[in-house]
Amino acid sequence: MAPPRNRAQDAHKGKGKGHTSREGPNGRALLADPLSNKGVAFTQEERERYGLVGVLPPAVLSLELQARRAWEQLGAQGDDLAKNVYLEQLHDRNEVLYYRLLCDHLPELLPIVYDPTVGEAIKRYSHEYRRPRGVYLSIDRPQDVRPAFQALGLGPDDVDLVVATDAEQLLGIGDWGVGGMQISVGKLAVYTAAAGIHPGRAVPVMLDVGTGNQALLNDPLYVGNRHNRVRGEAYDSFVAAFVEAVGELFPHALLHWEDFGPGNGRRILQQYGEKIRTFNDDMQGTGAITLACVMNAARVTGTPMRDQRIVVFGAGTAGVGIADQLRDAMVRDGLDREEATRRIWCVDRQGLLRQSTEGLRDYQQPYARPDDEWPPDRPADLPSVVDRAQPTVLVGTSTQHGAFTEDVVRSMARHVDRPVVLPLSNPTEKIEAMPEDVLRWTGGKALVATGIPVPPVELDGTTYVIGQANNALLYPGLGLGAVVARADRITDGMLQAAAEAVAGLADLSQPGAALLPEVENLRASSAVVATAVARRAAEEDVARARLDDVIQQVQDAMWQPEYG
């Protein structure tokens with residue numbers, strides 16, 4: 001990966017480590033540029049060279065001391081939203097220091113810079129608006145798409161990653177219009193902190209097509225397009241213009257789609273997935289991290305993937321994405337596609353998906369059960385489906401708090417010795433069941449993972465560590481591996497390799513062990529995932545980089561938050 005060649009990135013040659021040159025900008029320009037600013041870490045020689053004498057206090061502090069002070073300042077903030085605001089201000093001022101702080105305290109700060117706190121930051125975006133970051137594209141001015149990217153001053157070899165959202169279905173909070181830029185920014189922050197993607201080589205994008213949120217449309221301070229969401233041909237043409245511009249201007253970049261609505265997300269991925277290197281985390285990332293969880297559960301129970309029976313409660317973008325990944329794993333384990341599909345029961349708010357169910361989306365139809373399979377006089381709700389299907393795995397992406405009731409879990413446990421229960425909805429007020437309850441209802445036999453961080457559960461002398469199905473365990477390494485390999489596209493095999501790598505990082509040897517690794521060593525685990533993904537890309541002949549020493553190439557590609 002060649003280093004970028006524009007304004008701020010000129011201060012970060014080599015592997016992204018800070019560097020100054022005698023032909024560089026003046027000192028005040030350096031202080032104003034977050035990628036170049038070192039604050040009081042500028043040495044006396046640098047202060048003299050760049051006209052910073054008298055501009056800064058006389059002491060020279062190391063990056064380590066700056067990070068210690070920033071951590072103290074962060075701890076003085078009143079709540080998580082205030083901490084998010086503080087970190088964004090630091091991000092705007094000094095990127096190296098921001099990422100050093102993030103890397104040093106990633107487990108504590110991941111929920112602050114991303115889910116769940118970022119949801120509150122999104123809601124307050126227009127009222128807390130301070131400084132633009134990334135590229136804002138308006139459907140009202142499609143002619144500006146290409147000039148907006150050209151204004152970045154980045155060449156065809158200068159961008160590795162573009163994260164884009166249209167903000168229709170943000171996390172669990174819905175449509176928040178232009179505030180969705182916080183999702184793209186936050187996702188890239190995790191890519192950099194967890195996998196070392198160079199922050200100067202990553203571009204967050206907001207595709208502003210309007211919003212259906214009436215509160216935003218009536219808010220005089222709202223900074224996005226003040227009209228309802230545009231759909232249909234105009235929307236598709238706008239997305240096509242965006243994809244074309246990114247592909248032509250940054251031909252080596254991975255395009256990551258985030259938080260699109262179910263009507264668009266899957267359709268866009270299907271349209272472009274075989275043409276460009278692109279990835280949808282809501283479908284593919286969520287599916288792959290859940291696959292890693294189920295693979296480890298299968299190792300614990302001794303039940304192979306081909307023998308699993310799976311109920312997915314919440315048949316939206318994420319739920320069906322999970323179903324797809326699990327179905328494909330069953331196919332790899334010996335089942336044909338139709339048989340594997342029949343071993344998955346998808347339940348949505350209207351009940352079990354059946355062929356006669358009204359309003360089925362195209363991606364739901366493969367999982368719709370034949371009408372004659374279900375007795376017409378029998379309810380098709382979740383309890384009835386669990387009782388009839390006798391699943392080995394129960395997945396929740398419904399955002400319906402408490403949906404996995406004691407009766408549902410006990411019904412599952414009557415038929416399965418070690419039921420796998422995965423209430424993945426977040427935040428806490430939307431989770432289908434709390435692990436402590438699931439373990440108590442099953443006498444500690446259930447294997448549980450969640451979508452939120454949960455402390456260990458003590459039950460009958462055993463400590464149960466609850467794994468978090470956090471996509472951050474997977475997508476940063478997946479992206480880094482694709483970048484290192486210069487992969488033509490993200491294949492199913494690369495997703496499988498990422499899931500297998502994540503699963504392999506968990507230690508299952510102790511009773512009560514978590515099904516997934518913890519995030520404390522996320523940077524190291526991302527390197528493992530990236531290596532597996534790059535190797536699979538080479539095996540599948542979609543890698544365009546020469547991979548002589550994949551492990552070292554991955555390490556060399558990981559940007560370090562250090563001053564030059």
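Buried means under 20% relative accessible area, exposed means over 50%, and partly exposed lies in between, with a 1.4 Å probe and protein chains only. Keep that in mind for Lys 187: at 3% relative accessibility, Lys 187 counts as buried.

Some ground rules. This is a predicted model, where local features need pLDDT of at least 70, side-chain atom pairs count only at pLDDT 80 or more, and totals for chains, interfaces and linings use all residues. Residues are numbered from 1 along each chain as its sequence is written, and side-chain values use heavy atoms, with hydrogens and water left out.

Back to Lys 187. The residue sits in helix α10, residues 181–195. Helices here are DSSP runs of H or I, at least four residues, strands are runs of E, at least two, and both are numbered from the N terminus. Contact means heavy atoms within 4.5 Å. Not counting residues up to four places away in sequence, Lys 187 touches Tyr 114, Val 163, His 256, Glu 258, Asp 281 and Tyr 475.

Now its partner in the record. UniProt, in an unreviewed entry, places the feature "active site" at Tyr 114 and Lys 187. They span 74 residues in sequence, yet no two of their C-alpha atoms are more than 7.2 Å apart, so they gather at one spot. UniProt positions follow the numbering used here, feature names are shortened, and annotations may be inferred rather than shown by experiment.

Where is Tyr 114? In the loop between α6 and α7 (117–123). Tyr 114 counts as buried, at 10% relative accessibility. Leaving aside neighbours within four places in sequence, its contacts include Leu 171, Ile 183 and Glu 258.

Next, the helices. Helix α5 (residues 95–104) packs on helix α6 (residues 106–113) at an angle of about 120°, with axes 6 Å apart. Axes are lines fitted to C-alpha atoms, for helices over the stretch in contact, and angles run from 0 to 180 degrees between N-to-C directions. That makes α5 oblique to α6. Under 35 degrees is roughly parallel, over 145 roughly antiparallel, 65 to 115 roughly perpendicular, and the rest oblique. On α5, the contact uses Tyr 98, Leu 101, Leu 102, Cys 103 and Asp 104; on α6, Leu 106, Leu 109 and Val 113.

Last stop, Asn 470. This residue lies in the loop between β14 (467–468) and α20 (475–485). Asn 470 also counts as buried, at 17% relative accessibility. Beyond neighbours within four places in sequence, Asn 470 contacts Leu 110, Ile 289 and Val 519.
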